[in-house]
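Me: Please take a close look at the interface in this model. Give the cut-offs as you go, and then move on to the cavities.

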Amino acid sequence: MIDVHDLTKRYGSHVAVDRVTFHCPPATVTGFLGANGAGKSTVMRILVGLAMATSGSATIDGRRYRDIPDPATRIGILLDASAQHAGRTGREALAMSAFQLGLPRSRVDQVLAAVGLRPEESLRRIRGYSLGMRQRLGLAHALLGNPDVLILDEPANGLDPAGIRWMRDLLREYAADGGTVLLSSHLLAEVEAVADRFVLIGEGRILAQGTKDELLGDRRTFVRAAPQKPLTLALDEAGLTWTRHGDGLLIDTDAHRIWPLVPNGVVIEELRPASAAGLEDLFLRITAQTQRDTQRTGASA
Amino acid sequence: MNPTDIFSPSSRRLFVVELRKLVNTRFGALLVAGMLAVLALMTVALVTTGHEQHLSFQNMWGMLNLPMSYLLPIFAIVLVTSEWSQRTALVTFALEPRRERVLGAKLATSLVLTLAVLLVTATFAAIATGGALALRSGIPGWRLDPTITRNLAILQFARILEGLAFGLVIRNTAIALVSFFAVPTAWTLLSSLLPWVGDHVRPWIDFAAAEQPFQNGEAPFESAHALTATIWVHLAVSLALWVGLPLWLGALRMLRIEVK
């Protein structure tokens, strides 16, 4: 259980994190979304004791990270895959941490296998690793202590499509086993595919949070019918509200409630949930006022 | 921190990890290999071509330690700066958020490394003495002077602490290494330009100058003159300035700084 409460971080007069409150329950993947510089990484650094909060609290299972003995056996962290000594081999980096945590050497082989790094790759110096391999090594590092909480900053960066799919499956499985995952990303589609809950942050403030259904709470249905008149009459009769939208109708209900109302002789040409565009639209809409590229990416989305 | 924590299993493992960091990078491995190569070459050179009166155990031990007094601080500098230059501090402090323990482990590692270097150089000096006794005649042989040995140890421990302090304050590997070796040169330059400063100020605040009497590179090594009270005070003042102060400031910053 990750619990961030009223967290604020100031750098001089600049407020990087502004009264942020959210929590990540066990057995879920929480997607932490925000534009570059929104404050995601700062919140994560405070959460794991690498930065100090100005006020508020960030705890894991009720304790500050610094107060947890051998925290890496409870919490796995990947904040920056390139933060590894270039002159060390991948295996040595893991073996050193395994030793520090009092874990058997065999654990190194286990996590290497879990992240799909081959033994001969693990014996190469990290200098020669691609970003994707560094992400895998970083994830292996996070998994080393067999933690029940994972905190990952942009873990999908640099992974190829197969790697992204692999990461998604791994995290889903991890949460299914009762693990807690906090995962930041700006790859929205990727987070949408893996996360149960979402926390949207912009300019250090929480903009929205909740499950996908709660956030994409638009249950309206878009319908194109010919002729349209008999359908609108039937809708009025059933007491449903509707509005014209382009060459169709936006109806304030689920698709399955509309089907029985369609009168004989009316052809349904199109019928779909109004919110099909999903998280990306929501994200761009919600962050429109804070995002620096509003003009270019289009606030109308 | 509870004093008994210093000897807890996790503190011991942390210490071993820091010791391991010295040698498990390519740079560390090359540095160790370089040290051993220098010692081996010097041993051969001393035995075959050294002047007879220089070939005592004590003197050769001291001579073998001279190049070590330059290589040893590099280990301490890199032990600290690589955490920032290679950005491993992120992992180090995530594994052990009680940063004072990490710092303690690095200090312990530096001191143990110094002890190891003194023992390794003593081994090479013993080999050299044995070799010289077998091959040469009229040499002093197995002579050991407690005072010179003590001075040798003081010198090497001071050197590695200077390296640690430089690393803690400067935090960038390249800049820390360059300034560590440039500062004494700058003093030499300044002293030649302003002789008064060189005579009266430098011995107090230039650690390299203050260490000179302890090092006593003048051959024969054993004829080290008695260390006057002034020499001790010079060393104490320059060490306070170049080790105590930066160690304190650097440690405070390392304990508080945000790791990115």
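Reply: Five salt bridges cross the interface of chain B and chain A. A salt bridge here is a side-chain nitrogen of Lys or Arg within 4 Å of a carboxyl oxygen of Asp or Glu. Arg87(B) pairs in this way with Asp80(A), and their closest N and O atoms are 2.5 Å apart. The model is predicted: local features need pLDDT of at least 70, side-chain atom pairs count only at pLDDT 80 or more, and totals for chains, interfaces and linings use all residues. Residues are numbered from 1 along each chain as its sequence is written, chains are lettered from A and ligands numbered from 1 in the order in which they are written, and side-chain values use heavy atoms, with hydrogens and water left out.

Polar contacts come next. There are 14 residue pairs in polar contact between chain B and chain A, both residues at pLDDT 80 or more. A polar contact is a pair of N or O atoms within 3.5 Å; within protein, one must be able to donate a hydrogen and the other to accept it, and residues adjacent in sequence count only if both atoms are side-chain atoms.

On the chain B side that touches chain A, H1, H4 and helix H10 (229-256) each give two or more residues. H1(B) gives the most, six residues. Helices (H or I, at least four residues) and strands (E, at least two) are DSSP runs, numbered from the N terminus. By class, this side of chain B has twelve nonpolar, five polar and eleven charged residues. Ala, Val, Leu, Ile, Met, Phe, Trp, Tyr, Cys and Pro count as nonpolar, Asp, Glu, Lys and Arg as charged, and the others, Gly among them, as polar.

Now the totals. In chain B, 28 residues are in contact with 34 residues of chain A, contact meaning heavy atoms within 4.5 Å. About 3000 Å² is buried between the chains, with 54% of that area from carbon and sulfur atoms. Buried area is the accessible area (1.4 Å probe) that two parts lose on being put together, summed over both.

Then the cavities. The whole structure has six cavities of 30 Å³ or more. On a 1 Å grid over the protein atoms alone, a cavity is a set of points where a 1.4 Å probe fits but cannot get out, and lining residues have an atom within 4 Å of a point. Grid points are joined across faces, edges and corners, and a volume is the space filled by probe spheres set on the points.

The largest cavity holds about 230 Å³. It is lined by 21 residues, and Ile77(A), Leu78(A), His141(A), Val91(B) and Ala94(B) are the closest to its centre. Strand S5 (75-78) and helix H5 (131-143) of chain A, with helix H4 (89-95) of chain B, each give two or more residues to this lining. The lining has 15 nonpolar residues, five polar and one charged.

The second largest cavity holds about 140 Å³. Its lining has 16 residues; closest to the centre are Arg88(A), Met96(A), Lys21(B), Val91(B) and Thr92(B). Helix H2 (90-100) of chain A, together with helix H1 (9-23) and H4 of chain B, each give two or more. H2(A) has the largest share, four residues. The classes are five nonpolar, seven polar and four charged.

Notes: 1 Å grid on protein atoms, 1.4 Å probe; cavity = no way out; pocket = protein on both sides within 12 Å on 5 of 7 lines; lining within 4 Å.
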